[in-house]
Number of protein chains: 2
Amino acid sequence: MAVTGDQFLVKEINKTVVLEAIRRHAPISRADVCKITGLNKGTVSNLVNELLDSHFVYETGPGESSGGRKPVILMFNNWAGFAIGVNLKVDLISAVLTDLQGNIIERNETPLLTNSQSDIYQKLKQSIEGLMAKTSESPYGVVGIGIGFPGTIDDEGNVLIAPTLKWKNVPLQTMLERDFSIPIIIYNEARVGAQGETEFGLGKNSANMLYISIDNGIGTGIMIDKELYKGHLGFSGEAGHTTFDINGEPCECGNVGCWQHYASVRPLLKQALLLEDMKEQLLRAGKSQPDMELLVQLAEEGHMGVRQLFSTIGTNIGIGISNLVRILNPELVIIGGLMAVAERWLIDSITETVKQRASLYYEHELEIRFSQLGSDATVLGAASLAISQLFKKTRVTVN
Amino acid sequence: MAVTGDQFLVKEINKTVVLEAIRRHAPISRADVCKITGLNKGTVSNLVNELLDSHFVYETGPGESSGGRKPVILMFNNWAGFAIGVNLKVDLISAVLTDLQGNIIERNETPLLTNSQSDIYQKLKQSIEGLMAKTSESPYGVVGIGIGFPGTIDDEGNVLIAPTLKWKNVPLQTMLERDFSIPIIIYNEARVGAQGETEFGLGKNSANMLYISIDNGIGTGIMIDKELYKGHLGFSGEAGHTTFDINGEPCECGNVGCWQHYASVRPLLKQALLLEDMKEQLLRAGKSQPDMELLVQLAEEGHMGVRQLFSTIGTNIGIGISNLVRILNPELVIIGGLMAVAERWLIDSITETVKQRASLYYEHELEIRFSQLGSDATVLGAASLAISQLFKKTRVTVN
DNA sequence: CTTTGTTTGTCCATAGGATAAACAAAGTTT
DNA sequence: AAACTTTGTTTATCCTATGGACAAACAAAG
């Protein structure tokens, strides 16, 4: 059945528009909401009053006059409810409690020692329960739980496969729904990060954005028109397993020469291990294995071998980005994940490569940036997914 | 300024819904339109009457009774206007005149002998004028001209670069608008083909579809939610110039080892030329160069060398498709263009490769098909672009 | 202190569109 | 022939946005 229009739809549309205006521009007066939205004064007044009744908006005192009657200042009510955002990683559960604006109220971290599904689930549950206990009285309570997960999730929140955790076919969403009875949203980590960057990070002003999360693997989150693109069954964005070298080695995924074996943290560290003086450096740093922290430090200190490694990885990252850019033509590419800490040592080789391999795009407004949110991109994105399902956005599209 | 809702918007939405229902299900009664759309009888009656007034719909006589009053049958008025669809290729302009349903009324073909911009433009103009002369009296006349173009077009219809034609920075849309004073829509050939397949071909029932046009180059058209995805500036879908072999040879595009040098018609023919017995075969066929027709014929006759060539190209096509599928997770991939004539000799190696390299997707509803529309995909898609801008679709999205 | 003009927000009459229900028309079934 | 069905129109009602009138509150100029 097609979606048709009636008076209720009109109201829903306009109410969403008004709330969005307040959310984005608060403190704001009714009059300014009119100017922003183009809606009539009476309409805005009426809708604002309903929003006041439902506690999503509140009034503070009068504001500054600009030559006439003082405006009544409207605020978005951050405290009308809470959201929980989780970043489930192989060795760590990071979780945050946020208000409805995405401000972090409380955070907790739980190290993971095993891959055991039941163990991890218990810890996840405890982590969430711990945050829920920190909420104060509010009209709506915790409105939802968003989770960034390191694996492939279908559109019903089932984990199909999570190579690093060695999970297969786990109905995670159903399990959590049973335990918490509030909306649960589970997407893979990169997709959640993309959401975070769009809501709170560098992607605020970009409609078509590509977020590339580079840890031990590479995942991507595709934003189209400010919305997460999911694909037919929710499996889009698996760029880490696209072919980088047709003559490369077989990957466990069934493909050959996957990009992430040439451009992620794992191959970087592997190659670092082969550096002549790595043994000494490890001794000096008191580490048994090289890690990103050490490599960045060495690069800072002027270690040419390490800088060369970064440059090579950067080129490989750039090649993959060029491919993605040619397919998707985003206006912005954000690089996030663990690799992002090496921004300074990667940026030149990445941009050089893209400039050369996708020059048409580079010359036409393509921007490549590194995430400024760090690992918060994921938890914040997860929380914002939980929030946005509360404020379901009714939008009108004209093609 | 945000899009807000009012009563006129509601009417526009519902009118579109009703017209779509009639367009897709004609012959149909008002009562059945109610059932399909969920709209009230009175509403449908009113909207249908307006559509009758504007000549987009007409009534035929009464239909079969199903136990009560006979229904009045409504038809979509194909002849309310015309559309023109053009496929501009390097050596040929194909153009069609269609009715508003996309039925071809008239077609013409103009061989191109030069790359000269003015010469081609003259022939394009004449070709369109020739079709326009064939229109009969109608309420709306020719409602628009859609053009599939072999090159990169920006979102204002300027040709940025067309390597095969050796054009650069040609304001084609503006030129045509000046000459014809009706809406002109210009997209690259693959994107237009995708539109054609979605409207009239295998893609009718798929929301997320990927159309891959393989001629001498490879282009792709990405359909997301039945809409063409354009990207930030309209440059998406350039998959032919994504990296296939990092150790490959430099391409004129600035990249290295581009996919289309391994998986399109040109490399196929190039390799065919190296076959031991190709000279004899060319003599026998009376040709100076191998072409797709000859290769398909040889394969039919059991020529193992040619079959092997197809198999290799098929594998290369499959590798590229696997990459795209992992990034975009479409439910359907349609292979079109000149290469599609070799379906029988390619399908096995393509599916085998994808099955192996993107098994998760292959196991989850991914379909790979060859275009059945042939070169009509492009002209029909172009015409349908012209038509769809007439029936601008107002849609409501709830996220 | 007064006057003038501006800004903000509310209220009200009106317009337009969807809906439900009543109604009319034209069938079929019993 | 009577009763029921189906189709399509008409009517009364409801809902929401709009525009304008209005009042309140204020700044600036005199």
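Leaving out residues up to four places away in sequence, B:Glu238 touches A:Arg326, A:Ile327, A:Leu360, A:Tyr361, B:Thr152 and B:Thr220; contact means heavy atoms within 4.5 Å. This is a predicted model, in which local features need pLDDT of at least 70, side-chain atom pairs count only at pLDDT 80 or more, and totals for chains, interfaces and linings use all residues. Residues are numbered from 1 along each chain as its sequence is written, chains are lettered from A and ligands numbered from 1 in the order in which they are written, and side-chain values use heavy atoms, with hydrogens and water left out.

**Two loop residues**

- B:Glu238 sits in the loop between strand E14 (227-228) and helix H7 (260-263) of chain B; helices (H or I, at least four residues) and strands (E, at least two) are DSSP runs, numbered from the N terminus.
- B:Glu238 counts as buried because its relative accessibility is 16%; buried means under 20% relative accessible area, exposed over 50%, and partly exposed in between (1.4 Å probe, protein chains only).
- The side chains of B:Glu238 and B:Thr152 are joined by a polar contact of 3.0 Å. A polar contact is a pair of N or O atoms within 3.5 Å; within protein, one must be able to donate a hydrogen and the other to accept it, and residues adjacent in sequence count only if both atoms are side-chain atoms.
- In chain A, A:Ser236 lies in the loop between strand E13 (227-228) and helix H7 (260-263), and A:Ser236 counts as buried because its relative accessibility is 2%.
- The side chain of A:Ser236 makes a polar contact of 3.0 Å with that of A:Arg191, and a polar atom of the A:Ser236 side chain lies 3.1 Å from the backbone oxygen of A:Tyr229.
- Leaving aside neighbours within four places in sequence, A:Ser236 has contacts in both chains, including A:Asn188, A:Lys230, A:Gly231, B:Arg326, B:Ile327, B:Leu328 and B:Asn329.

**Surface near DNA strand C**

- DNA strand C is surrounded by 29 residues, and the closest are A:Ala31, A:Lys41, A:Ser45, A:Arg69 and A:Val72; a residue is near a molecule or strand if one of its heavy atoms lies within 4 Å of it.
- Of the atoms of DNA strand C that come within 4 Å of the protein, 66% belong to sugar and phosphate.
- A phosphate oxygen of DNA strand C lies 2.5 Å from a backbone N or O atom of A:Val72.
- A sugar or linking oxygen of DNA strand C lies 3.1 Å from a polar side-chain atom of B:Gln7.
- A base nitrogen of DNA strand C lies 3.2 Å from a backbone N or O atom of B:Arg69.
- Two or more residues of this surface come from each of helix H2 (30-37) and helix H3 (41-53) of chain A and helix H1 (7-25) and helix H3 (41-53) of chain B; H1(B) gives the most, with 5 residues.
- The surface has 6 nonpolar, 15 polar and 8 charged residues, where Ala, Val, Leu, Ile, Met, Phe, Trp, Tyr, Cys and Pro count as nonpolar, Asp, Glu, Lys and Arg as charged, and the others, Gly among them, as polar.

- Of the 30 residues around DNA strand D, the nearest are B:Ala31, B:Lys41, B:Ser45, B:Arg69 and B:Val72.
- Sugar and phosphate make up 72% of the atoms of DNA strand D that come within 4 Å of the protein.
- A polar side-chain atom of A:Gln7 is 3.1 Å from a sugar or linking oxygen of DNA strand D.
- Phosphate oxygens of DNA strand D lie 3.0 Å from a side-chain N or O atom of A:Asn14 and 3.2 Å from a polar backbone atom of B:Arg30.
- H1(A) supplies the largest share of this surface, 5 residues.
- By class, the surface has 6 nonpolar, 14 polar and 10 charged residues.

**Helix H5 of chain B**

- B:Leu172, B:Gln173, B:Leu176 and B:Phe180 are buried in helix H5 (residues 172-180) of chain B.
- The buried residues of H5(B) line one face of the helix, because they fall within an arc of 95° seen down its axis; the arc is that of the directions from the helix axis to the C-beta atoms.
- These buried residues pack against helix H4 (117-132) and strands E7 (142-149), E9 (159-162), E10 (167-170) and E11 (184-188) of chain B.
- B:Ser181 follows H5(B) and has a positive phi, near 55°.

**Cysteines**

- The whole structure has 0 disulfides over all chains, a disulfide being a pair of cysteine sulfur atoms within 2.5 Å.
- A:Cys251 is in no disulfide, and the nearest cysteine sulfur is that of A:Cys253, 3.7 Å away; A:Cys251 counts as buried because its relative accessibility is 8%.
- A:Cys258 is in no disulfide, with the nearest cysteine sulfur, that of A:Cys253, 3.6 Å away; A:Cys258 counts as buried because its relative accessibility is 0%.
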